[in-house]
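Visitor: I am new to this structure and would like to learn how to read it, one feature at a time.
Guide: Then let us look at it together.

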Amino acid sequence: MSQKKYWKGLGDLNDSAAHQQVAENEFKEELPLGLSDTLLGATTPRRDFLKFLGFSTLAATIVSSCEMPVRRAIPYAIKPEDIVPGVPNYYASTFADGGDYCAVIIKTRDGRPIKIEGNELSSITKGGTSARVQASVLNLYDKTRLRQPMADGQEATFDAIDRSIKDAISKTGAQSTYILTNTIISPTTKEIIGQFLAKYPGSKHVVYDAISYSGMLQANEACYGKRTLPTYHFDKAQTIVSLGADFLGTWLSPIEFSKGYSKGRKISAKNLNLSRHYQFESNHTTTGACADHRATCKPSEMGTIASALYNAVVNGTQPALSSAKLNELVTKAAADLKKGSGLVVCGSNDVSVQTVVNAINDKSGANGTTINWSVTSNNKQGIDADMVALSAAMNAGQVGALIMHGVNPVYDYYDAKKFAEGLAKVAVTVSTADRMDETAQKCKFVVPDHHYLESWGDAEPKPGYYSLMQPGIAPLFKTRAFQDSLLSWTGATTTYADFWKQYWMTKLGSQEKFDKALQDGVIEPAGDMLNGGGTFAGNVADAMAKIQAKKAGAGVELLVYQSVAIGQGGAWSNNPWLQEMPDPITRTTWDNYACVSPARAKQLDAELTGQNEIVAAKKVIRIKSNNYELLLPVMVVPGMHNDVVAIAMGYGRDAKVGRAAANTGKNAYPFLSYNGQTVDYTAEVTLDKTTEKPYELAIMQTHMSYEGRPIVHEYTLDEFSKNPQVLLDERKAEIGEFAAVPWQEEGKESAAEKKMDGQELEDGFRKNGTMYPVYDHPGIHWGMSIDLNACVGCGACVVGCMAENNVSVVGKEHVMKAHEMHWIRIDRYFSGTPEDPDSIQTIFQPMMCQHCDNAPCENVCPVDATNHSSEGLNQMAYNRCIGTKYCANNCPYKVRHFNWMDWNGADCFDDNLFEDGRRDDMNDDLTRMVLNPDVTVRSRGVMEKCSFCVQRLQDVKLSAKKLGRPMKDGEARTACQQACPTDAIVFGNVNDKESSIHKLRREEQSERTFYVLEQIHTLPNVNYLAKVRNTDVIVGANVKTDEMMNLHI
Amino acid sequence: MAIKKFAVACYDDEAVLFPAVAKVRHSGYKLHDIYTPFAVHGLDNAMGHKESDLHIAGFIFGLCGTSTAVGFISWILTGDWPINFGGKPHFALPAWIPITFELTVLFAAVGMTMTFCYLNQIMPGVKKHVFHPRQSDDYFVMAVELNEHVNENDVVNFLKETGAKETSVQIAEDSWWYGRFDKTEPYQLLGQ
Amino acid sequence: MHLKYESFVREPLVDGDKSYRQISEDIISPIEKKPGRMWYVGFFFSLALLAFGVFSVTWEVYWGIGVWGINRTVGWGWDITNFVWWIGIGHAGTLISAILLLFRQSWRTGVNRAAEAMTIFAVMCAGQFPIFHMGRVWDGFFVLPYPNSRGPLWPNFNSALLWDVFAISTYFTVSLLFWYSGLIPDFALVRDRAKTKLRKLLYGIGSFGWTGTAKNWQRHEMLALVLAGLSTPLVLSVHTIVSFDFATSVIPGWHTTIFPPYFVAGAVFSGFAMVQTLLVITRKILHLEDYITIGHLEAMNKVIVLTGSIVGTAYLTELFMSWYSANQYEAGAFKWRIMGPYWWSYWAMMTCNVVSPQLFWFKKLRRNVVFTFIMSIVVNIGMWFERFVIIVTSLYRDYIPGSWSYYSPTWPEVGFYLGTFGLFFTCYFLFAKYFPVIAVAEIKFILKTSGENYKRKMDVIEEKPVEEFVLEQAEHH
């Protein structure tokens, strides 16, 4: 290289001091923004947001490429060299919240993660997601997150805190140092904890899970010698028996299980193989709703049922349980289990019960077929006794330092008071909580951890199955990875990122493999998962004796359960998307409540009547156990056991957890108790009427019965296999006479009509059922199919849609006014006799814009704001809408949603959301970072609805066009389809004969295909597949059997 | 549009008015006009006026409304900007009937009223000479134009004989002008 | 000379010993006098109501429609209920002035002015609702057909709501023209009687320089006749088109062909009731009992019992159809109306609209002023419930039970409604003070045929033997 110097001007040539200063300071003018420490606290003007965004993206790119060591995050599917504005980048990563695991892909736009999608390369979650996974991106932009480390409630620096902690540990002694975490499935983190423990000999690591699986872990240790959980293969199970395990909603690993479960539920006329699912439960769960046979029992009876099932399987003993239905189902289930390919799961946290369940599985030959002991599951590792011991030690003053990560025992420990008292006796208390939660408030130091979207990391959900975590954005606040903190307290000088990379480089061997792994997100052994059994060595007799010994009381029992949306609580309590996601069964938002059966409600003067629909204010009752009592509103849930009251955990949070979390519900954790071995999630309680003011609950769906209307179709497997044409016959009866030409005399079937298949019926009806000429739809015609058999009502689609389409959160009081905005809702219908919980059958029906080809909404809009695209989409021009709401009125499906208020703070009216001037959490500048720039943020006063994710469709079409090839089937996917863990949604171009949607409707599932409200000739582009239950009778299909329908509730 | 001199006779009964009209017309005096407080049926015939053609104007305006509506809407929805609304055809004539009808009525009514105002030369701000303040109350006021060919007193006496309650001679503008009813006009001062 | 004669069987339309001058005096003098204390009380009460309405609407526009109780299922509530209710009321005026003119019903002259004014004010009130029920009221002008750059270029001429825009604006315009063209001669009368300069000036402008020449009157009659001819189908079309808002939809309970005649009959029904309410008060306060006689009230009560019966028949027909159609959604809609959570509104409607007007079959009740007044209010309450039943109880439980909901209004909705009462009565009080509340020229026109004193003179003729009368007439010609 030549040494010649080029100068750009005289200043440069002379190199004056002044010039040097100028040259150093490239941007010599002040930036148009106050880039100060209070940047994120400042209320940024809306118009500055783009400037800000543009600048920060650019600055981040330049700064990171020039001055900092480059750490490259490898894009997943699309591989741009750089960030292209307007083009999303995708990064494979991992969602891990305790043992809650999902392999994900982060979609970032202009440097901001805006959407989480499932990673299909993972053989565990297989691209499925849950509502929480979908909503996790919103937690990143949570206003209540801590923005700097705190010491004694004051802002502090990491250095100062590190020094204090190290000093303190050395002072108090290593032996009395504890690390308390939730289940950690990250191998590198475990190694770092190991290093810490090694550095401070005698220090201990205690694992504590708010939702304990201690009973299972201990039972498995006793039965199989492994303190671990097996992998359950629901896809391989022919008979599934669940004893109170809500495995599709909340139990253990719902995404994984939903994926597997739905495989066995997808039935067609050609393949009539359908698994049979028995559910024994106390409350009404989504899993129970999906079950073929369901019986209710008290929580304390679960062990007895397990014993009875064991006896029935092994000895063929007739069960003698508390109800005839239980006896009947146990006998049936035992018979089915004996056929093989059975699987029994149990939600109990009792070691004895789990031992008996293990024994049943062993006897029925599940081990090695549906239960895999070769590849186990790391999802849960906490042992209740350890935590009890720690609490005792703290109170005894034996703990000098306590570092807590991922746990919040002051809130969710069964004896939180004792823990808090103990905590006060600990000299050094450190929390890595991301917010001032109940525990962090009582800690001396709070060293906030990154959000997972800001972190490097990894996970090992099953031995040998790895998943890498890479950030989608640089940390927003002055936070530090937990691992970095530990490394620093250990005295190591490496950063976690380096440690992590070193670890994986060593493990994988080469940069190439590392890049690949990072790009894929998962590292898995080749081929199918190994499957092996185990040698059962449990003491069944002892377990059964213990169960026998526990006398169930005669009174009411309380069950503390996890809600599908916010789970055990944590940061999820403050996630407005999840708070507003209606519970699949109760369809209630923003609160917890006392779920009781209609019969029990009658005793509490809260009878289920038509008035129930009108009055949001529910009677408040007192739930009293030995050591705790709560006043909660009554939620009447058909299908609850009559002697059970169920309360969701995760509510009743401290105000500092966040605004969405505060004032929602009450804390149910104190009802928990410790039985000497494990934590019990049940309690004996008394229920009393009170004279308290009724409490208003925000319920999204108030009517329970589908009134026998042919909007959902349910058949028993028997009916369907005998006559797969049963649905087609019903449809012909409804619309056949309009489909066949010439029109026939009413009531008589014409010859032409008789031999019509599904397609001819639809085409005939389209053409002949109207006086108008038929519109041709050449080219693309989008269509969607929803399988009612596969839908488990989990709500992942609801939240996925909110994230993708910037759907607004409206808050509790507007949900009460039925002002919610969800583009997709999951209607839940009960049928059966309210007084008899065992008779209740529940069905879910996802409902979104049906994109009718003859859309009633389009005709009535005076300004043309909604009309039909040539691709069959019912489209909205928000810009044009004046908000007459006529379209919503004229929508038979009621899927149009009006922007009643300024939900997004996007309007010219300043600061208005609620009448008293309150703004929502979703309305501040930080939270609005989550908005998808591809989707218009709707202003106040306009109508909106599902668009079939038209932005995604356009994107796919354009990318295909750029590549000069036709669009491929499966490329265009809607957000709901992508979020769905059961693949219930199929989407595509129906005009493409090769597309899966076309094949599904015309070939594979033509017998199960139906359209909602087909007779009014709206010609929907969404079809449903009828539900087929592997049961004896469909209650809701008949007025005589469905009392719910007769009672009009 | 000229200031003229009039002999004015006021009657208080239609029964007296009608013979008087006939007599005046018979006499050859130039009957300027008759002002009545309400529509006296047959007076137009008695004065020799033709039937009004106002309704024809209304019909033509109505036709304009119909063709505007049908033409405009069909051009918009089939030619200029055809859109698929709910699968209905672009040329959806039955759906346009309401608006077509409304526009027909609107055009006819507005057009005819404007024609009415134009023909009667009335509009806000227009002023005309009021021969007697009770002409809108209970008097039927007949104005006979005076010119150089007739004797003023003859005319007045003649009118008195026809049964007029009151008579007078007035100088007045015979047509309309822009003015205010609370102002006295210069020509009226001239006549004093 | 033509004989002014009307059968003695017909009761006089103008009572008392009236001359043309006396009529002018009776009707115009309230304009020239200071209003009474009751007027001030009423006027300021109306103004206060109006102010509350303005406040309620401002609140709604500032915060958003979300402050109302309407929701995703029931998208129209009190707003459109009140709209249809006011529009219905606005039908009586034009009906009286147009249809009764064509039918040569001379009793209309006593009431037409006030009824037309009521029409105009009612339409003004009605118009507020579709405007302020819009989510983006500031963009309301998007309904006008002019080229623009906001998505689709033109409005949707196939939408019943756009038909409404045209129908209501046309109706308002034509009613205004009709009303005002009748007012011009009466304004000229006020002008010519005026003693003060200001009154002369203002009524001078208002009278358009009308002097009442023979040709003017000829054209005036022609105008009235043709406008009546145009208004007659117009008045029928307006409520027909309003009913299309519902009839052209797919919602059970809305989607029915009976709506146009049913709505029109209902409109006349409620309109006449409102006219009764107003006239009973007006005649009392302004001492116009001689011009708005018991006979007038009875005539209108007859119309009420007729239209009430039509409406009742329509309700029963709807019920029959919901059963006969064998459509479960249709049957459901009516089942939920009758016995769902809104049962009270259905039965309120049935009682007020079907049962109570039947009492008017009794002549004694028809001619009882107090009873008439009470009934007029009962009918209007019933007709309000009819609209509420049609709109809200069709929407709240339609096809998909999963979306069923309930609706109750919030204070801004109620305030908006009260505010339109404020607007209506403010206008009406101003009208009663500053406008001739009875068409003076038209009353004068019928005085000699239907005036009590003139009819008495005819008694002499009535007593004559027929032969003598015929002979006398023959001699005349």
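This is a predicted model: local features need pLDDT of at least 70, side-chain atom pairs count only at pLDDT 80 or more; totals for chains, interfaces and linings use all residues.

Guide: Residues are numbered from 1 along each chain as its sequence is written, and chains are lettered from A and ligands numbered from 1 in the order in which they are written.

Visitor: What span should the 15 residues of helix α5 of chain A have?
Guide: Helices (H or I, at least four residues) and strands (E, at least two) are DSSP runs, numbered from the N terminus. The expected span of a helix is 1.5 Å times one less than its number of residues. For α5(A), residues 158-172, that rule gives 21 Å, and the end C-alpha atoms are 21 Å apart, so the two agree.

Visitor: Which residues of α5(A) are buried, and which are exposed?
Guide: A residue is buried if 20 or more other C-beta atoms lie within 10 Å of its own, exposed if 12 or fewer, and partly exposed in between, with C-beta atoms placed from the backbone. In α5(A) the buried ones include Ile161(A), Ile165(A) and Ile169(A). They cover an arc of only 65° around the axis (taken from the directions from the helix axis to the C-beta atoms), and therefore lie on the same side of α5(A). The face turned away from that buried side carries exposed residues, among them Asp159(A), Arg163(A) and Lys171(A). Just after the helix, Gly173(A) takes a positive phi of about 95°.

Visitor: How many helices and strands does chain B have, and what is its radius of gyration?
Guide: Chain B has six helices and six strands, following the pattern β-α-β-α-α-α-β-β-α-β-β-α along the sequence. The radius of gyration is taken over C-alpha atoms, and the globule rule is 2.2 Å times the number of residues to the power 0.38. A compact globule of 192 residues would come near 16 Å, whereas chain B has 25 Å. The C-alpha trace of chain B spans about 80 × 35 × 30 Å along its principal axes.

Visitor: How many residues from chain C and from chain B does their contact take?
Guide: Two residues are in contact if their C-beta atoms, placed from the backbone, lie within 7 Å. Chain C gives 57 residues and chain B gives 61 residues. On the chain C side, α8(C) gives the most, with 17 residues.
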